[in-house]
Amino acid sequence: DGIRDFCLSRGLGDVYKRQSNGNNKTIDDDYPYYISRYWADPSRGEQIDRRLKVNSKLDVEDMKSILNEITSPFAQEYSTLFNKNYTQGFSNKGDVLYNILNGWDGIESIDSGATVVYNAAELYKSAELIVKVKEPIQEEFQFLSKDHTVFAYLHLAGDPQTGLELTSTGVTGIALETVTSSDGSMPLLSPMSAIAGQLSVVVGSYHLLKPNKGMGTLIGSYKDIKLRIVTVIGAGVAGTEAIEKALANKSHVKVIDLSQKRLDELETKFGNKNIEYIISSEDTITEALKVSDLVIGAVYVIGREAPKVVSSEMLKDMKPGAVMVDISIDQGGCFESSKPTNHDAPTYIENGVLHYCVTNMPGAVPLTATHALNEATLPYIKNLANKGINKALEEDEHLANGLNIHAGKVVHPAVKKALNL
């Protein structure tokens, strides 16, 4: 009856009749087929049927519960891919649905020759090289051993205790964020830094809105209204992207960095209209904070915890409802008042200032981030797979700079120092 009502409420009674009477089945019997075949664009029927063949073991009760929670046509179509086996080794169904509902269903991977497994235990049992975005979580530690190599953003200095626990599994850990290139840049950190830098202005602007507990100002311009002030602390990849985005949104930007050379480079790039270039010090940061609507922290030190460039005391002089976005939070944060948040609960208020400290900011744009990261990491992944871990590290000193942990020990000098080892 529930499924019948579902159809009738959407003007699909004829579909219900065909599906229930045409083949002597009830709609419940063919529920997965109904949702995917008829809710979606009929032109995609062949592709949808293939999905059902790949993921034919479906639990109707699971799917019903998901449809009760998610009502968009996109989600309803893709919910046919939900298989209760997906949830083994994951904390909840949301972990599984996240990839499915964000445009990945496994079909392209299978067509390219990959084998798709549906739980963490099976994955770690069958693989030697594990390529991830974020570091393994504690629930995965039980599956790790000296036979595994993890290639991911590890950020060990950002959470020392978890970093040491990961090290104790014996896994070899190559951190994307410490892989270097011949020009001294960080080729695998840069894509995510660039995305996070652009997002910092987007989320900062959004949380300045009054309904979001911000002060109620617009990072933009209207006629002769005075431009709002955005301060960017740290002028690396993330900071530079934030500067460009803020200028494009017609704000007045204060750029603060320790390097005069870097400030001169940015002046050549951006000019002097609606932008200031400031050498970093406690006094200059304090003065900039007093007048800023949005403050973006983009400070990074290779392999180490981010320095705290904004003290809690400085917040007392900031404007109520100002917003601070800490891009450096994955490395512990560059504001003393920062504490990690997530996309579900991204903000909190301290001393009247709204803080946005989401770890893995690029996770908000998973399709863009995935394409960018794949493009950057694939050559390294091929080398590790084709040559073997040891040979690949021996032949490429820049990849070797990514080696953070091995055989139960932290081996990267900067990470060792950060962890007081």
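**Sheet, helices and loops in a predicted model**

Modeller: In this predicted model, strand β8 and strand β10 (residues 353–356) are paired in the parallel sense over three bridges.

Colleague: Which residue of β10 does Val325 stand opposite?

Modeller: Strands of a sheet pair through backbone hydrogen bonds, either parallel or antiparallel. For β8 and β10 the sense is parallel. The residue standing opposite Val325 in β10 is Tyr356.

Colleague: Which are the edge strands of the open sheet of seven strands?

Modeller: The order of the open sheet is β6-β5-β4-β7-β8-β10-β9, and its pairing is mixed. An edge strand here pairs on one side only. The edge strands are therefore those at the two ends of the order, since each pairs on one side only: β6 (275–279) and β9 (347–350).

Colleague: What does the twist average from one strand to the next?

Modeller: The strands concerned are the seven of the open sheet with mixed pairing. From one strand to the next, the twist averages 20°.

Colleague: What angle does the direction of α11 make with that of β7?

Modeller: Helix α11 packs on the sheet, where β7, β8, β9 and β10 are touched by it. The direction of α11 is compared with that of β7, and the angle is about 150°.

Colleague: Which strands does α14 touch where it packs on the sheet?

Modeller: The direction of α14 makes about 160° with that of β5. Among what covers the buried residues of α14 are β4 (229–233), β5 (252–257) and β7. As a helix packed on the sheet, α14 touches β4, β5, β6 and β7.

Colleague: Why are the buried residues of α14 on the same side of the helix?

Modeller: Ile285, Thr286, Ala288 and Leu289 are the buried residues of helix α14 (residues 282–291). An α-helix has 3.6 residues a turn, so residues three or four places apart point the same way.

Colleague: Within what arc do the buried residues of α10 fall?

Modeller: In helix α10 (residues 160–167), the buried residues are Thr162, Gly163, Leu166 and Thr167. These pack against β11 (403–406) and β12 (409–410). They line one face of the helix, because down the axis of α10 they fall within an arc of 145°.

Colleague: How far apart are the axes of α11 and α12?

Modeller: Two packed helices are described by the angle between their axes and the distance between the axes. For α11 (residues 190–207) and α12 (residues 237–248) the angle is about 35°, and the crossing is right-handed. The contact residues, including Gly197 of α11 and Ala242 of α12, divide into seven nonpolar, five polar and two charged. The distance between the axes is 7 Å.

Colleague: Is Met318 buried or exposed?

Modeller: Met318 belongs to the loop between β7 (294–297) and β8 (323–326). Beyond its neighbours within four places in sequence, Met318 contacts Leu289, Val295, Met324 and Val353. Its relative accessibility is 7%, and the cut-off is under 20%, so Met318 is buried.

Colleague: Is Lys213 buried or exposed?

Modeller: Lys213 sits in the loop between α11 and β4. Phi of Lys213 is near 75°, a positive value in a residue other than glycine. Because its relative accessible area is 60%, and the cut-off is over 50%, Lys213 is exposed.

Colleague: What is the relative accessible area of Lys250?

Modeller: Lys250 is placed in the loop between α12 and β5, with phi near 60°, a positive value. Lys250 counts as partly exposed, because its relative accessible area is 49%.

How values were computed: Residues are numbered from 1 along each chain as its sequence is written. This is a predicted model: local features need pLDDT of at least 70, side-chain atom pairs count only at pLDDT 80 or more; totals for chains, interfaces and linings use all residues. Side-chain values use heavy atoms; hydrogens and water are left out. Axes are lines fitted to C-alpha atoms, for helices over the stretch in contact, and angles run from 0 to 180 degrees between N-to-C directions. Helices (H or I, at least four residues) and strands (E, at least two) are DSSP runs, numbered from the N terminus. A crossing is left-handed if the near helix is turned anticlockwise from the far one by less than a right angle, and right-handed if clockwise. Contact means heavy atoms within 4.5 Å. Ala, Val, Leu, Ile, Met, Phe, Trp, Tyr, Cys and Pro count as nonpolar, Asp, Glu, Lys and Arg as charged, and the others, Gly among them, as polar. Buried means under 20% relative accessible area, exposed over 50%, partly exposed in between (1.4 Å probe, protein chains only). The arc is that of the directions from the helix axis to the C-beta atoms.
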